[in-house]
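Hello,

Here is the structure we talked about. Please open it alongside this note; my findings follow below.

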Amino acid sequence: MDYQEIISVCYCGDGKGKLEKAESLAEEYGFKLLQQKNVQDQLGIVKEAVEALDEQMTAMEMGKTCSQCAAKPDGGCCSAYMGNENNDALQLLMNILAGVKVKLVRDDGVECCFLGERGCLLLFKPIFCLNYLCGRIREESDKDKLSLLEQKTGALLTAQSTLEQIIIRFLVTVQERD
Ligand code: SF4
Ligand code: SF4
């Protein structure tokens with residue numbers, strides 16, 4: 001498969017189909033991918049960026065705000081649409097490589113299939129989920145803290161995107177050889 005084929009295969013389908021693709025890539029190439037030094041290094045960089053963003057979200061008490069919001073009827077923002085459309089198999093593969101036990105936790109057509117009892121089960125979240133800042137968070141947050149949040153989100157998105165490119169290059173090369 002070339003670059004374009006990998007992108008089109010990994011970005012199409014619903015949450016279930018994308019997870020199946022990610023699992024099949026993990027089964028075939030997961031071990032080899034984890035042996036690559038650039039993959040190991042970049043996984044570490046992404047995990048650090050996740051921790052930095054989590055710390056900022058905790059400092060802004062976003063967990064509390066979102067839990068209160070999600071507990072209301074029609075509250076929360078992790079919809080079934082998000083789970084089906086905003087994920088992709090490469091991002092789910094990155095989670096599997098990071099040791100996350102990725103699975104479908106619901107199929108109710110209402111909420112995201114990756115939304116567990118204690119929130120999102122993905123360590124590396126889709127770009128749209130990371131970028132999403134609702135009006136309530138914007139209104140209730142201090143400007144400087146919001147700006148720090150955006151910086152840390154940007155750093156994480158860059159790190160995730162670099163990891164995705166490394167994985168795609170690996171897949172293109174290994175499949176050319178096979
Ligand atoms: S991001 Fe906004 S809409 Fe989504 S759960 Fe949090 S408060 Fe609610
Ligand atoms: S943050 Fe997680 S649970 Fe929420 S929509 Fe995104 S992938 Fe789904």
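Predicted model: local features only at pLDDT ≥ 70, side-chain atom pairs only at ≥ 80, totals over all residues.

Val 102 sits in the loop that runs between α6 and β1 (115–116). Is Val 102 buried or exposed? Val 102 has 21 other C-beta atoms within 10 Å, and the cut-off for buried is 20 or more, so Val 102 counts as buried.

Which residues does Val 102 touch, beyond its neighbours within four places in sequence? The contacts are Leu 19, Leu 92, Asn 95, Ile 96 and Leu 122. Leu 123 is 21 residues away from Val 102 in sequence. In space, the two lie 9.5 Å apart, C-alpha to C-alpha.

**Confidence**

The protein chain has a mean pLDDT of 94. A value of 70 or more is reached by 100% of its residues. Among the elements, helix α6 (residues 89–97) has the highest mean, 98. Helix α4 (residues 62–71) has the lowest, 88.

**Helices α6 and α9**

Helix α9 covers residues 143–177. α6 packs against α9 at an angle of about 95 degrees. Their axes are 10 Å apart. The cut-off for roughly perpendicular is 65 to 115 degrees, so the two helices fall in that class.

Which residues meet there? From α6 come Leu 90, Leu 93 and Met 94. From α9 come Leu 163, Glu 164 and Ile 167. By class, this contact has five nonpolar residues, one charged and no polar.

**Ligand 1**

The shell around ligand 1 holds Thr 65, Cys 66, Cys 69, Ala 70, Gly 76, Cys 77, Cys 134, Arg 136 and Ile 137. Two or more of these residues come from each of α4 and α8 (135–140). The shell divides into six nonpolar, two polar and one charged.

**Ligand 2**

What surrounds ligand 2? The residues are Cys 78, Met 82, Gly 83, Cys 112, Phe 114, Leu 115, Cys 120, Leu 122, Lys 125, Pro 126 and Cys 129. Nine are nonpolar, one is polar and one is charged.

Best wishes

Terms used
Residues numbered from 1 in each chain as written. Chains lettered and ligands numbered in written order. pLDDT = per-residue confidence, 0-100. Helix = DSSP H or I, 4+ residues; strand = E, 2+ residues; numbered from the N terminus. Near = placed C-beta within 6 Å. Nonpolar A, V, L, I, M, F, W, Y, C, P; charged D, E, K, R; others polar. Buried ≥ 20, exposed ≤ 12 C-beta atoms within 10 Å, placed from the backbone. Contact = placed C-beta atoms within 7 Å. Axes fitted to C-alpha atoms, helices over the stretch in contact; angles between N-to-C directions. Parallel < 35°, antiparallel > 145°, perpendicular 65-115°, else oblique.
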